[in-house]
Amino acid sequence: MQMKSPPRSAIRLTRRGRLVLIATGAVAAGTAVAVPLLSMDSPEEKKPTTLVIPEGWRASQIYEAVDKALALPAGTTRKALPKAGLKLPPDAEGNPEGYLFPATYPLDKKPTPQALLTRMADTANRRFNGAPIAAGAQRNAMNVYQAVTVASIVQAEAATKADMGKVARVVFNRLERGMPLQMDSTINYALNRSTLRTSAADTRVDSPYNSYQRMGLPPTPIDNPGEEAVRAAITPTPGDWLYFVTVKPGDTRFTASYEEHQRNVAEFNRIQQSAQASQSAKAKQSAKATPSPS
């Protein structure tokens with residue numbers, strides 16, 4: 001028997017794939033940092049010779065990284081976008097999100113933002129439009145742009161690379177059943193932030209990227225996914241899962257049963273509450289041990 005979606009007010013599908021109760025507390029998450037490699041041939045200047053774009057970075061982060069690597073005023077790369085003439089799918093409507101391929105790019109003697117953005121987009125087109133990905137997208141009744149959009153969600157939600165195929169399957173299963181995706185990663189994109197703290201008010205934000213209020217995929221990718229996430233999007237792991245929660249690091253549980261998922265969420269909450277209580281106790285103990293100024 002097909003499962004019905006539980007009331008929206010009762011659940012939340014969070015970044016890193018955590019589907020939790022609205023009242024659940026949040027946990028801290030780290031962010032990736034790209035560190036350009038430095039040339040040691042010229043110790044006086046030490047100009048970067050390459051620019052590293054990590055998987056999952058948004059276009060806004062890439063613009064800032066290019067500005068920094070080329071020692072340009074903030075906002076220069078974003079303003080240069082219209083001049084770059086990037087080759088993007090028609091569905092993108094000029095938005096390069098998802099098509100600034102994560103990789104290591106060499107910096108020429110006189111690199112420009114336009115040249116770097118063009119190289120990233122050209123790399124994405126070569127990787128995405130090849131036979132394996134194009135055929136895989138068609139096999140899943142998608143075009144390549146939709147496959148990249150799914151991959152961007154997978155990149156943001158999967159706690160580990162091993163979970164990517166399962167996260168992709170959850171996306172497809174929910175779409176096929178007419179269920180909203182309820183992904184916090186899409187709301188974070190709408191609000192231009194990266195956090196696990198999503199409130200009930202956040203889920204009501206008026207945005208085409210609000211996957212609580214809008215059905216189907218978001219209108220564009222929400223980051224720039226790597227090859228593994230794209231492969232997961234076109235070859236999702238077989239399964240009937242509709243929910244998943246990372247109970248603790250290395251322990252992400254996927255299920256088709258809402259009741260089972262609730263039990264997993266309860267365990268997640270207990271672990272988080274225990275960790276918070278432990279941290280609070282340590283903070284109080286540290287405060288007592290600190291001598292007051294004379």
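Alanine 71 sits in the loop between α1 and α2, where α2 covers residues 76-84. This is a predicted model, so please hear every value I give as computed. The phi of alanine 71 is near 55 degrees, which is a positive value in a residue other than glycine. As background, most residues other than glycine have a negative phi. Is alanine 71 buried or exposed? Alanine 71 counts as exposed, because its relative accessibility is 68%.

There is another case of this kind. Asparagine 192 is not a glycine, and its phi is positive as well, at about 55 degrees. You will find asparagine 192 in the loop between α7, residues 184-190, and α8, residues 227-234. Asparagine 192 has a relative accessible area of 57%, so asparagine 192 is exposed.

Back to helix α1, which runs over residues 59-69 and contains tyrosine 63. With a relative accessibility of 5%, tyrosine 63 counts as buried. The cut-off for buried is under 20% relative accessible area. What does tyrosine 63 touch, if we leave out residues up to four places away in sequence? The list is Thr77, Arg78, Leu81, Pro96, Leu100 and Leu117. Take threonine 77 from that list: tyrosine 63 and threonine 77 are 14 residues apart along the chain, and their C-alpha atoms are separated by 5.4 Å.

Now the chain as a whole. How many helices and strands does the chain have? There are nine helices and six strands. The chain has 294 residues, and 47% of them are buried.

Next, the end of the strand list. Strand β5, residues 243-248, pairs with β6 in the antiparallel sense, over five bridges. Within that pairing, threonine 246 stands opposite threonine 252 of β6. β5 and β6 form a hairpin with two residues between the strands, and in this hairpin glycine 250 takes a positive phi near 85 degrees.

Strand β6 itself covers residues 251-255 and is mostly covered, with four of its five residues buried.

The one I will take now is aspartate 251, found in strand β6. Why does aspartate 251 count as buried? The reason is its relative accessible area of 17%, since buried means under 20%. Leaving out residues up to four places away in sequence, aspartate 251 touches Val245 and Thr246. Thr246 is the residue that stands opposite threonine 252.

The other is phenylalanine 254, also in strand β6. Phenylalanine 254 counts as buried because its relative accessibility is 12%. Its contacts, again without residues up to four places away in sequence, are Asp163, Lys166, Val167, Val170, Trp241, Tyr243 and Phe244. Which separation lies between the C-alpha atoms of phenylalanine 254 and valine 167? The separation is 8.6 Å, for two residues that are 87 apart along the chain.

Threonine 149 lies in helix α5, which spans residues 144-157. Threonine 149 has 2% relative accessibility and therefore counts as buried. Not counting residues up to four places away in sequence, threonine 149 touches Leu217, Pro218, Thr220 and Pro221.

Last topic, cavities. A search of the whole structure turns up two cavities of 30 Å³ or more. Which residues line the second largest cavity? They are Pro106, Asp108, Pro111, Ala115, Leu116 and Arg119. Helix α3, residues 113-128, gives the most to this lining, with three residues. By type, the lining divides into four nonpolar residues, no polar ones and two charged ones.

To recap with the structure on the screen: find alanine 71 in the loop between α1 and α2, and asparagine 192 in the loop between α7 and α8. Then go to β5 and β6 and look for the positive phi at glycine 250. After that, find phenylalanine 254 in β6 and valine 167 among its contacts. Finish at Pro106, one of the residues lining the second largest cavity.

How values were computed:
Residues are numbered from 1 along each chain as its sequence is written. This is a predicted model: local features need pLDDT of at least 70, side-chain atom pairs count only at pLDDT 80 or more; totals for chains, interfaces and linings use all residues. Side-chain values use heavy atoms; hydrogens and water are left out. Buried means under 20% relative accessible area, exposed over 50%, partly exposed in between (1.4 Å probe, protein chains only). Contact means heavy atoms within 4.5 Å. On a 1 Å grid over the protein atoms alone, a cavity is a set of points where a 1.4 Å probe fits but cannot get out, and a pocket is an open set with protein on both sides within 12 Å along at least five of seven lines; lining residues have an atom within 4 Å of a point. Grid points are joined across faces, edges and corners, and a volume is the space filled by probe spheres set on the points. Ala, Val, Leu, Ile, Met, Phe, Trp, Tyr, Cys and Pro count as nonpolar, Asp, Glu, Lys and Arg as charged, and the others, Gly among them, as polar. Two strands pair if DSSP finds at least two bridges between them.
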